[in-house]
Amino acid sequence: MDTVFALTAGYLTSASVTPSPVVSISDDAELARAARHGSRSAFGRLYDRYARMVHGIVLARVPRTEVDDLVQDVFLAAWRQLSTLRDDGAFGGWLAMIARNRAHDYHRRSREFAELPENLPAAERHSPEALAALEAIRALPEAYREPLLLRLVEGMSGEEIAARTGMTPASVRVNLHRGMKQLRQILNSEGRS
Amino acid sequence: MRDDYLWDGSGEPDPEVQRLERLLSEFRSTRTAPGLPAGKPIAGARVRWTAIAATLALAAAGAWLATRSAPEGWEVDLAGSGPSRLTVGETLDTGPAGHATVNVGHIGVLDVEPNSRLRIEQARRHEHRMSLEHGLIHAFIWAPPRSFVVDTPSAVTTDLGCYYTLDVSPDGAGLVSVLAGWVSFERDGRESFIPAGAACQTRPSVGPGTPYRKDASPAFRQALQDLDFAQGGDSALKIVLTEATRDDAFTLWHLLTRCTPTQRLRVYDTLAALAPPPAGVSREGILHGDRLMLDRWWDQLGLGTTTWWRRLEGKWAEK
């Protein structure tokens, strides 16, 4: 039942899971502390460690073409708001919350303007199969979207997802399992049709 | 079915997962870190919890609140259902696969995990209150302290300006885990103050237990749980006192008012060795539950002053 910030965010090297430079959350706490005192290099290292997490969280929620800009916004907001972080060891969960809030704000703002369609033909550089897989995941319930994208797009392990985002490992495992089950059903039905 | 490959890439490869990995890896970001604006992220050090700062914060909070209009309810974004509005008395049940993002008026946001059931009790300009029957929420509140309260079956959780996780199991037991700021856990006059990096459990028949550091030793945490909820008695207390470090002083301070008089002596001696009491605080006074002395010792722990707490609490002083 406890949260996971005391856990080591280790990773398993394999063909599918991209090695992360992260060693432990306590290292991140040191970096967060240094960044809070103005160290840009420490913040840059935090960016290296958390960019995948933020990218996956945002990709789960906003149009694909907006993601990169929004990721940059999230880190700029984090830099400005570091004074509100009172437990350096909670940097990951805090940053994940900023990312979700920014994505939420994007939709709130975009209600006032017409959203551009997702697939503008001139700008497309991804294969139809990849786009179809991405859209299938994005059609899943939000609880499944985020961990699946962090795992399949960003290459994070389940343990790393839990440690980075502040979710419990059990919750991540259940959501990965159920999300993958639903995703298989969607992809199979699309394949048959 | 085992999901080892899906979990971390170990075990027998799953062809479908491998195919998706290959396809989707092209969506990874290749951008570098953004250029940061000039200057430090903050001007100066972190906020010091002095009475002066608290007074200023409360004054600012009043001005802040005065500029806000009263919300009629909370905006809810339930996965798969889109945005809607939850008003006082209404219940949100995320179900086994649901996940919701909830805007708490203008003061914060909740992430509500699957299998959670909550109900809005109050949605006023100055006070937002909900009950969490069961489930898991992540609360990020940026309003002044005590603006957001959560009732659980075994304790009341009060936000003191922070980011925290609250997990309530179907049997009513709870766990609050604080990531930033402070949270109080209270029931029937028994109150625990939980700082960032700490957690606290609660049980329906007992109320809040003693707060502890999340990175305290496993033996320490287990013994504390035994002491709080399993009648661990002297043997559990012995482990707690043996394993305690200076960083656990706030845990021992809470125990001073919860142990038997005999046990209190032992807690006093250990706490005094780890964090010596200030002048004017005597062993006899603490053993007799002298509130002023307890307050002065708390002030010495570097976790904020009781003056600050009292301004927030208003009723904490008298037990």
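Two residues are in contact when their C-beta atoms, placed from the backbone, lie within 7 Å. With that in hand, here are some close-ups of a predicted model.

**Figure 1. Chain A is a chain of helices.** Chain A holds eight helices and zero strands, so its pattern along the sequence is simple to read, as α-α-α-α-α-α-α-α. Among contacts in chain A between residues at least 6 apart in sequence, 69% join residues at least 24 apart. Of the 193 residues in chain A, 51% are buried.

**Figure 2. A look at helix 3 of chain A.** Which residues of helix 3 of chain A are buried? They are A:Val67, A:Leu70, A:Val71, A:Val74, A:Phe75, A:Ala78 and A:Trp79.

**Figure 3. Helix 2 and helix 6 pack within chain A.** Here helix 2 (residues 40-59) of chain A meets helix 6 (residues 142-152) of chain A at an angle of about 135 degrees, and their axes are 8 Å apart. The angle therefore makes helix 2 of chain A oblique to helix 6 of chain A. Helix 2 of chain A passes helix 6 of chain A in a right-handed crossing. On the helix 2 side, look for A:Met53, A:Gly56, A:Ile57 and A:Leu59; helix 6 of chain A brings A:Glu146, A:Leu149 and A:Leu150 to the contact. By class, this contact between helix 2 and helix 6 of chain A has five nonpolar, one polar and one charged residues.

**Figure 4. The side of chain B that touches chain A.** Stepping out to the contact of the two chains, we find 51 residues from chain B and 64 residues from chain A. On the chain B side, the elements giving two or more residues are helix 1 (4-8), helix 2 (15-24), strand 5 (108-112), strand 7 (128-141), strand 10 (163-168) and strand 11 (174-180). The largest share of that side, six residues, comes from helix 2 of chain B. Sorted by class, the side of chain B that touches chain A has 22 nonpolar, 14 polar and 15 charged residues.

**Figure 5. Helix 5 of chain A packs on helix 2 of chain B.** Zooming back in, helix 5 (residues 128-138) of chain A and helix 2 of chain B pack at an angle of about 110 degrees, with axes 9 Å apart. That angle is why helix 5 of chain A is described as roughly perpendicular to helix 2 of chain B. The crossing of helix 5 of chain A past helix 2 of chain B is left-handed. Helix 5 of chain A contributes A:Glu129, A:Ala130, A:Ala133 and A:Leu134, while helix 2 of chain B contributes B:Leu20, B:Leu23 and B:Leu24. This contact has six nonpolar, no polar and one charged residues.

**Figure 6. Two loop residues of chain B with positive phi.** Most residues other than glycine have a negative phi, which makes this pair worth a visit. B:Asn115 is not a glycine, yet has a positive phi of about 60 degrees. You can find B:Asn115 in the loop between strand 5 and strand 6 (117-123) of chain B. B:Asp188 also has a positive phi, near 50 degrees, and is found in the loop between strand 12 (182-187) and strand 13 (190-195) of chain B. Are these residues buried or exposed? B:Asn115 is partly exposed, because 17 other C-beta atoms lie within 10 Å, whereas B:Asp188, with 10 C-beta neighbours inside 10 Å, counts as exposed.

Notes
Residues are numbered from 1 along each chain as its sequence is written. Chains are lettered from A and ligands numbered from 1 in the order in which they are written. This is a predicted model: local features need pLDDT of at least 70, side-chain atom pairs count only at pLDDT 80 or more; totals for chains, interfaces and linings use all residues. Helices (H or I, at least four residues) and strands (E, at least two) are DSSP runs, numbered from the N terminus. Ala, Val, Leu, Ile, Met, Phe, Trp, Tyr, Cys and Pro count as nonpolar, Asp, Glu, Lys and Arg as charged, and the others, Gly among them, as polar. A residue is buried if 20 or more other C-beta atoms lie within 10 Å of its own, exposed if 12 or fewer, and partly exposed in between; C-beta atoms are placed from the backbone. Axes are lines fitted to C-alpha atoms, for helices over the stretch in contact, and angles run from 0 to 180 degrees between N-to-C directions. Angles under 35 degrees count as roughly parallel, over 145 as roughly antiparallel, 65 to 115 as roughly perpendicular and the rest as oblique. A crossing is left-handed if the near helix is turned anticlockwise from the far one by less than a right angle, and right-handed if clockwise.
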